[in-house]
Structure formats: C-alpha cells, structure tokens
Amino acid sequence: MTILIPLLGDQLYHGLASLAGVDRANAAVLMAEVMAEATYVPHHPKKIAFILSAMRHFADELRAAGWRVDYVALDDPANTQSFDGEVARAALRHGASEIRTVEAGEWRVIAMQNGWAALTGLPCTILPDTRFIDTRADFADWASQRKRLVMEDYYRLLRKRTGVLMDGDKPAGGAWNFDADNRKPPKKGLAYPPHPHFVADDITQQVLTLVAARFSGNFGDLLPFGYAVTRADALLALADFMARRLPQFGDYQDAMVTGEDHMFHSELSSLINIGLLTPMEVCVAAEAAYRAGTVPINAAEGFIRQILGWREYVRGIHWIAGPQYNDSNHLGATRDLPAFYWSGETDLNCLKQAIGSTRRNAHAHHIQRLMVLGNFAMLIGTAPAQIHEWFLAVYDDAYEWVEAPNVIGMSQFADGGLMGSKPYAGGGAYINRMSDYCKGCRYDVKQRTGPDACPFNSLYWDFLARHEEALKGNQRLWRMYDGWRRFSGEEQLRIRAQAADFMASIA
Ligand code: FAD
Ligand code: DLZ
Ligand code: SF4
C-alpha cells in the first residue's frame with residue numbers, strides 16, 4: 001500500500017499539497033532528474049545547475065524529515081530520462097497502490113500527469129498547487145465577471161482579501177499604488193549593494209561538474225555560481241534583500257545601468273518559483289520592514305504589487321487562457337529571432353547589455369526584459385513562438401505559467417490584449433531616459449533616420465504604421481497615431497525605408 005508521490009523540480013516546498021496528511025511510512029517520494037526536462041528548450045546552464053542542486057538538497061531535507069525519497073540521478077544508467085518513464089518504473093519498484101502529485105506549472109507536463117493513471121493502472125490524484133496566494137477558481141471567478149482583466153483591480157481585491165498593507169479597510173500609506181514615485185532614472189553616485197553569493201558545497205560542486213560535462217554547448221555562463229540552493233540560504237537571500245536593497249527598490253525599479261546587473265532588485269523570483277520561498281512570506285517580510293520604518297511605502301508597496309499583484313495575475317491568466325495561448329499571434333508576426341539573441345553580438349548597446357546580463361547571470365531585470373529584449377523582438381515582428389522559447393530557455397525563473405503570459409501577452413501583445421490594454425512598444429527615448437546605455441552606443445538616440453540613427457526609433461514608428469488597422473482603434477494609442485500622422489508623407493516614407501533597411505540588415 002505505497003503512495004507514490006512524484007515531486008517536480010520546481011515544487012521544492014515542505015508544505016506541498018501532495019505531502020500534506022500523508023503517512024510517511026506508507027509513501028515514496030519520487031524525484032527524477034531527466035533529460036526530457038533539461039532539453040525541451042536549451043536551458044541556460046546556470047538554470048539547470050540551480051534546479052538540480054536545489055532538488056538534491058531538498059531530497060536530503062525530506063529524508064531528514066522522515067520521508068522515503070527515491071531519487072533518480074541524471075546519470076543513473078537505468079534512468080529512462082522522462083517523467084512518464086520514471087513514474088512507470090517507480091510505480092512497479094514500490095508496488096504502488098496510488099499516485100499523488102501536484103499540478104505542474106506547464107501544460108506540457110500537465111498532459112503527462114493526466115496520463116499517469118492510464119500509464120500505471122493506478123488511481124492518480126492531481127492536487128492544486130497551494131503555494132500561490134489566490135486559487136485558480138477564485139481568479140477564474142473574478143475574471144468571469146469583467147470585460148477587461150485589469151491587474152490593478154485584481155491586486156486591490158487581493159490586498160483587501162489578505163489584509164497585506166492594509167490599515168483596516170484603507171490601504172496603508174493612504175494610497176493603493178505609489179507607482180508615480182517609482183520611475184526615477186538612474187543617477188550618478190548611487191551605491192549598489194553586492195548581491196549575495198553562496199559558496200558551492202559538495203552537492204553543488206558535483207552538479208556543476210555534471211552540467212559542465214553535459215550542457216556546456218548551451219547559451220550562458222555556468223560559472224561563477226553563487227545561487228541559494230536550500231531553504232536556509234533562500235531565507236538569508238530574502239533577509240539580505242529586505243535590509244540592503246528594498247529601501248531603494250521602488251525609486252529605481254525601472255532604471256538600467258551599464259555594469260550593474262542587479263541594482264536594487266530582489267532576484268528572488270527563481271527562489272519563489274522553485275518553492276524555496278513562498279510568495280506570501282516574501283510579502284509579509286516587505287510589509288514588516290515598512291511597519292518597522294526601515295523601508296518607505298513606495299518601495300514596500302511597489303515590491304508587494306509585483307508579487308501579490310503581477311505574479312498572481314499572470315498565473316491566473318495562464319490557467320484561464322489554456323494551452324493554446326502559446327500559439328497566439330495576434331499581430332501575425334513571422335520574422336525569425338535574430339541570431340544575436342543567442343550570441344550577444346550586436347552594436348545596439350541596450351540589447352548587448354541586456355543579453356550580456358542574461359548570459360552571465362541567467363537573469364535580467366524586468367525593464368531589460370520588457371522594454372529592451374521584448375520590445376525589440378515585437379518591433380521587428382519576431383514570431384512569438386521563437387521569442388517565447390528564448391525567454392523560457394535563458395532565465396533562471398522561467399516556467400511556462402509565468403513566462404508565457406509575460407512574453408506572449410505583456411511583451412509581444414500576441415494575445416491581442418488579454419493581458420495588457422496596449423502593446424509595450426517604445427522608441428529609443430524611453431531607453432535613454434531610464435538608462436545610461438545610449439551614451440555608450442554607436443547609434444544616436446536622437447535621430448530617426450540616417451546611418452547613425454537609433455534603430456529603435458524607426459522601428460517604433462514602422463511598427464505603428466504596419467499595424468495601424470489592428471491598433472488604431474485602441475484609445476491608449478491615439479496620441480502615438482496622432483504623432484505618426486503629424487510627420488509629412490516624405491518623412492513617413494523615409495522612416496519606413498530606414499526600418500526596412502535595418503530589418504534586412506539583421507535578417
Ligand atoms: P523584482 O524586481 O525584485 O520583483 C519582485 C518579484 O515580483 C519577483 O521576484 C517576481 O516574483 C515578481 N514579479 C515581478 N514582476 C512580475 C511579473 N510580471 N510576473 C510575475 N512575477 C513578477 N518572471 C518570472 O518569474 N519568470 C519568467 O519567466 C519571467 N519572464 C518575463 C518575461 C518578460 C518579457 C517580462 C517583461 C517579465 C518576465 N518576468 C518573469 C517578470 C519579471 O521580469 C521577473 O519576475 C523579475 O525580473 C525577476 O527578478 P527579481 O526577482 O529581481 O524581481
Ligand atoms: C527545468 C527543469 C530541469 C532542467 N530539469 C528537471 C529535472 O531534471 N527534473 C525535474 O523534476 N524538473 C526539472 N525541471 C523543472 C521542470 O521542467 C518543471 O517542474 C516543469 O516544467 C513544470 O513546471
Ligand atoms: Fe539602444 Fe538606441 Fe540607445 Fe543604442 S541609441 S542604446 S540602440 S536605444
């Protein structure tokens with residue numbers, strides 16, 4: 001009478017629903033390192049090492065807590081290298097009588113889980129993932145009652161429901177949203193605290209050797225590797241952020257600075273997504289810092305909104321949109337992703353910096369992802385499936401439930417506006433305002449046409465012109481279309497020719 005509990009690489013949480021209430025004497029937890037997961041996209045080596053090391057540490061923690069853990073290593077000769085194969089083998093090995101698992105965050109893996117009962121002939125219970133603050137059902141209910149799924153409305157609902165940053169029924173600090181204070185450009189002389197670096201122990205060293213041997217051809221630097229890979233280290237990373245970076249997180253949330261990969265960001269997304277931290281405990285810690293007076297309200301609220309608001313919201317969108325969401329292509333974009341996304345070899349300095357950070361760290365912060373990498377891909381008309389695969393592969397926090405809505409919806413507008421009310425399209429002026437990248441660039445951000453003109457400028461106008469039919473009715477874009485119509489016919493032609501020449505040059 002053994003209950004088999006397959007536990008996936010991004011479910012490293014002791015309170016996981018599949019473990020709750022189970023008699024440890026009658027259960028076997030299955031954790032499997034499989035090539036199918038390591039290769040469905042060409043993951044950054046740091047991401048693979050992070051997940052495998054955290055899995056191995058978590059297995060040890062479960063054993064110490066009295067669980068029987070059946071851990072299948074990647075180089076085990078009997079490993080079938082797929083979840084299906086390992087669940088089938090383990091069911092036989094343990095004479096299992098039933099399977100309990102928590103729903104995966106990717107439709108592709110959910111399809112596998114749905115097949116485990118037929119595959120093994122055993123009853124298989126797929127439990128909801130209770131690590132989130134809201135439930136799938138409550139989000140679906142909220143969404144079913146509205147025409148537009150506005151993140152801010154949902155966020156306020158969750159603030160009220162959870163009591164986070166609330167004084168009674170009023171928002172703490174006197175307002176729901178302090179975003180207007182959170183758009184400061186970078187200024188000279190700011191001191192950026194170093195990001196914590198955790199020394200690799202024996203387990204991590206073994207994983208690094210394995211990943212170096214198997215995945216060195218993938219995009220990205222494996223070393224240096226300083227990730228938190230245990231719950232204890234994750235808590236240290238959380239405390240470090242609260243003390244050293246959260247106070248200025250709000251002010252410089254959207255800023256980008258050459259050579260400063262981390263700035264005041266938390267870099268907690270990979271730890272939350274894999275299960276080593278819960279989203280609620282992170283919000284509670286930020287609120288506590290505000291209440292203790294060590295963090296201003298614009299920082300605490302801005303940070304909490306990212307997690308209680310955006311993170312929960314994109315998760316809800318993922319579930320209601322369904323598996324076909326990944327094929328969305330509202331703007332009919334078909335261009336191949338430029339090769340320099342993988343090589344980093346480009347003379348557009350903003351892209352070079354964002355890709356460089358991605359290569360070094362398996363990480364780039366939000367505005368680099370949205371307004372540089374995503375924006376450029378959308379302006380040139382990249383096929384959404386290709387940029388989706390790139391984002392899924394290169395970031396340490398990327399799993400489909402969170403990556404797809406952010407990329408296909410927010411950054412590419414490929415879902416036609418389910419996620420956002422307008423495309424996040426921007427020219428060079430935005431990047432120039434929020435970064436120092438343009439100073440170090442061979443292009444002139446002030447020019448629209450000519451050999452030195454910043455490519456973002458002509459691409460931006462060309463994007464609007466190309467999609468005028470689809471977008472001109474959008475109220476939030478009328479000012480942009482008004483701007484486009486103010487150009488003379490000749491200037492419009494020059495701009496579009498400039499964009500066409502540039503796109504031909506990168507084809
Ligand atoms: P911080 O700036 O410190 O923000 C705090 C936390 O808020 C993050 O740790 C994260 O948990 C949460 N958060 C912030 N914005 C979002 C958001 N839009 N969606 C979900 N959570 C959010 N985030 C991922 O976790 N995985 C992804 O694969 C991913 N892909 C993205 C792709 C694009 C094109 C864009 C525009 C955003 C993407 N994001 C993704 C959201 C966001 O960029 C990252 O969560 C953030 O950069 C992670 O760094 P951080 O922990 O330092 O975040
Ligand atoms: C991303 C990843 C990788 C690279 N390797 C494994 C693995 O070997 N074993 C595992 O259980 N999970 C891995 N993962 C994470 C899974 O891909 C993730 O759990 C699913 O995509 C569901 O989100
Ligand atoms: Fe990027 Fe244009 Fe600025 Fe160069 S000038 S860094 S291409 S926005």
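**Cavities, core and domains: worked exercises**

β2 (27-32), α1 (35-39), α2 (45-64), α3 (83-93) and α4 (107-120) each give at least two residues to the lining of the largest cavity. Helices (H or I, at least four residues) and strands (E, at least two) are DSSP runs, numbered from the N terminus. The model is predicted, so local features need pLDDT of at least 70 and side-chain atom pairs pLDDT 80 or more, while totals for chains, interfaces and linings use all residues. Residues are numbered from 1 along each chain as its sequence is written, chains are lettered from A and ligands numbered from 1 in the order in which they are written, and side-chain values use heavy atoms, without hydrogens or water.

**Exercise 1.** Describe the largest cavity: its volume, and the class make-up of its lining.

*Solution.* 
- Step 1: define it. A cavity is a set of points on a 1 Å grid over the protein atoms alone where a 1.4 Å probe fits but cannot get out; lining residues have an atom within 4 Å of a point.
- Step 2: take the volume, the space filled by probe spheres set on the points. The largest cavity has about 400 Å³.
- Step 3: look at its centre. The lining has 29 residues, and Gly9, Asp10, Glu37, Ile51 and Phe83 are the closest to the centre.
- Step 4: find the main supplier. α2 gives the largest share, 5 residues.
- Step 5: sort by class. The lining has 20 nonpolar, 3 polar and 6 charged residues.

**Exercise 2.** Between which domains does the second largest cavity lie?

*Solution.* 
- Step 1: list the domains. The assignment gives domain 1 (2-127), domain 2 (136-193 + 245-321) and domain 3 (340-505).
- Step 2: find the cavity. Of its 17 lining residues, the closest to the centre are Gly105, Asp129, Arg131, Phe132 and Trp401.
- Step 3: check the elements. α10 and α12 each give two or more residues to this lining. The largest share, 3 residues, comes from α12.
- Step 4: conclude. Domain 1 and domain 2 both give residues to the lining, so the second largest cavity lies between them.

**Exercise 3.** Are Gln253 and Gly489 buried or partly exposed?

*Solution.* 
- Step 1: set the cut-offs. Buried means under 20% relative accessible area, exposed over 50%, partly exposed in between (1.4 Å probe, protein chains only).
- Step 2: take Gln253, in the loop between α9 (246-249) and α10. Gln253 has 9% relative accessibility, so it counts as buried. Leaving aside neighbours within four places in sequence, its contacts include Asn182 and Ile367.
- Step 3: take Gly489, in helix α22 (residues 489-506). Gly489 has 47%, so it counts as partly exposed.

Key
Contact means heavy atoms within 4.5 Å. Domain bounds come from an automatic or database domain assignment. On a 1 Å grid over the protein atoms alone, a cavity is a set of points where a 1.4 Å probe fits but cannot get out, and a pocket is an open set with protein on both sides within 12 Å along at least five of seven lines; lining residues have an atom within 4 Å of a point. Ala, Val, Leu, Ile, Met, Phe, Trp, Tyr, Cys and Pro count as nonpolar, Asp, Glu, Lys and Arg as charged, and the others, Gly among them, as polar.
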